Amino acid sequence: RETVGPPITLADVKRMLPDLPIYPNAELDERLTNLPTSRMAASIFTEDRFVLYLVFQTQDSLEKVFEWYRREMEQRGWREVPLPKTQIPEWAKRIGGIGTLLSTYFSRGGNQVFFQTMSAATTGRNSFALHCFVVGIPDWEMKQLEEQVKRNPDDSEAWASLAFGYFCAGKWAESQKALKDALEKSKTRPIRSLRAQRRLANLLLWVGDDPKVLPIVRSYSDYTFDFQFPLAKMLFRLKRWQEAEQTLTSVLATLTPEYENWRDWLHILRGIARWNQGKRKEAIEDFDRAYRLDRDWFVAVVWAYGQMGNLAKAKQILQEAAKANVPLAQTFLRKGKKAVWLGILHVGEPYWLSGRWMEGVGIKGNWAVEILCFPTRNAPKLNGAIVLAINGQPIRNWQEYWERVRAITEKAKTGDKVTFSIWRNGKVEDVDAMFEPLLP
């Protein structure tokens with residue numbers, strides 16, 4: 001099914017995607033942007049995102065334009081991702097000629113922007129296109145949904161989509177009200193639309209904190225990584241450790257090549273789920289597998305062996321990682337029993353992260369990271385939190401976050417605190433996390 005929205009203006013773009021920089025010496029080509037084929041948002045690609053296809057004209061060289069976008073996107077929290085020809089998105093293959101023109105894209109949460117050079121549309125001018133995949137629901141569809149629930153207040157599918165759309169726009173209160181209506185109305189009017197089901201399931205996966213909604217989430221689920229991994233994170237928030245272990249075991253058994261780089265993370269998470277059930281031997285096996293895949297996971301193995309009282313094995317792993325030139329391992333080896341850690345696990349950007357969401361919830365800065373925890377002192381305060389700032393300073397990107405946490409950790413001693421500004425359940429608050437010994 002395909003739906004065509006109304007003509008797009010530059011004001012629409014700035015409102016729906018405020019974190020997308022617009023090249024200063026370019027003009028939006030409204031004619032090409034608003035051709036019927038350009039305005040088709042194909043639902044066959046995704047249920048939780050919409051497409052903005054934007055064509056611009058400029059007098060400048062496209063090489064200069066692209067380099068400008070690389071700098072500006074990075075400053076606004078976007079990450080540049082090389083695009084091998086073997087991984088051209090399915091939607092791109094359906095547009096004639098586009099597959100040979102894309103070489104990179106920019107990612108921020110689940111949002112993606114593909115830069116495409118084009119042949120000159122008018123004499124003496126260059127053209128480029130931005131293919132924007134935006135998490136959420138476009139303004140015109142939100143208006144239709146609002147009108148629909150006015151006409152039919154019992155339309156559970158419309159309420160489900162509204163709840164999702166409001167959340168992605170940073171409207172927490174409106175989202176919670178619509179979510180309540182969707183869940184209530186669905187008892188007598190089941191949600192049958194696949195699009196509405198997936199929108200509701202995603203919202204519950206992201207912020208659901210009531211075990212009663214798990215059957216709803218599972219009824220709309222599939223066995224893809226994009227669904228099962230968020231489900232595992234939800235189960236972590238709910239402390240449903242056995243179910244989390246089962247889910248992660250299933251994900252590991254069905255992991256496809258494009259998600260292979262998540263294998264070490266999945267072992268770490270399954271290890272934590274097992275540890276919380278008292279399955280310490282199996283947990284250490286998971287931590288060790290992750291460590292063999294990526295030496296940076298030495299800290300999980302060292303901590304686990306220390307908790308088990310096997311200090312000799314813990315020190316052996318620490319020495320091994322330090323010899324492999326892992327910087328933090330070298331620091332910990334030098335500090336010995338004075339080495340400390342926070343016991344937190346940063347599992348990446350929230351899928352819904354966008355400039356519009358951050359503006360809507362009143363957050364300063366342009367980046368955030370989702371936190372899960374090892375079973376340490378900080379877990380009750382930080383597990384499932386979205387971290388926005390460290391010691392009052394907003395985070396600009398992944399590299400900055402990691403470098404700051406590492407620098408603080410290297411200098412910290414037992415009992416030192418670091419303040420995380422976090423978003424959770426519609427509120428921003430400061431939480432003090434305490435460093436504790438890595439080894440007993």
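**Helix pairs, then cores**

I started with helix α10 (residues 225-237) and helix α12 (residues 263-275), whose axes come within 11 Å and cross at roughly 30 degrees. Axes here are lines fitted to C-alpha atoms, over the stretch in contact, with angles from 0 to 180 degrees between N-to-C directions; helices are DSSP runs of H or I, at least four residues, numbered from the N terminus. So α10 is roughly parallel to α12 (under 35 degrees counts as roughly parallel, over 145 as roughly antiparallel, 65 to 115 as roughly perpendicular, the rest as oblique).

I listed who touches whom (heavy atoms within 4.5 Å): Phe-225, Phe-229 and Phe-236 of α10 meet Leu-266, Leu-269, Ile-272 and Ala-273 of α12.

This is a predicted model, where local features need pLDDT of at least 70 and side-chain atom pairs pLDDT 80 or more, while totals for chains, interfaces and linings use all residues. Numbering runs from 1 along each chain as its sequence is written, and side-chain values use heavy atoms, without hydrogens and water.

Next I checked helix α5 (residues 139-151) against α6: about 140 degrees, axes 9 Å apart. That makes α5 oblique to α6.

Then I looked up the largest nonpolar core, which has 116 residues; Phe-167 and Trp-423 are among those with the most contacts inside it. Such a core is a set of buried Ala, Val, Leu, Ile, Met, Phe, Trp, Tyr and Cys residues joined through side-chain atoms within 4.5 Å (buried is under 20% relative accessible area, exposed over 50%, partly exposed in between, with a 1.4 Å probe and protein chains only). Helix α6 (residues 156-168) gives this core its largest share, 9 residues.

How values were computed
Helix = DSSP H or I, 4+ residues; strand = E, 2+ residues; numbered from the N terminus.
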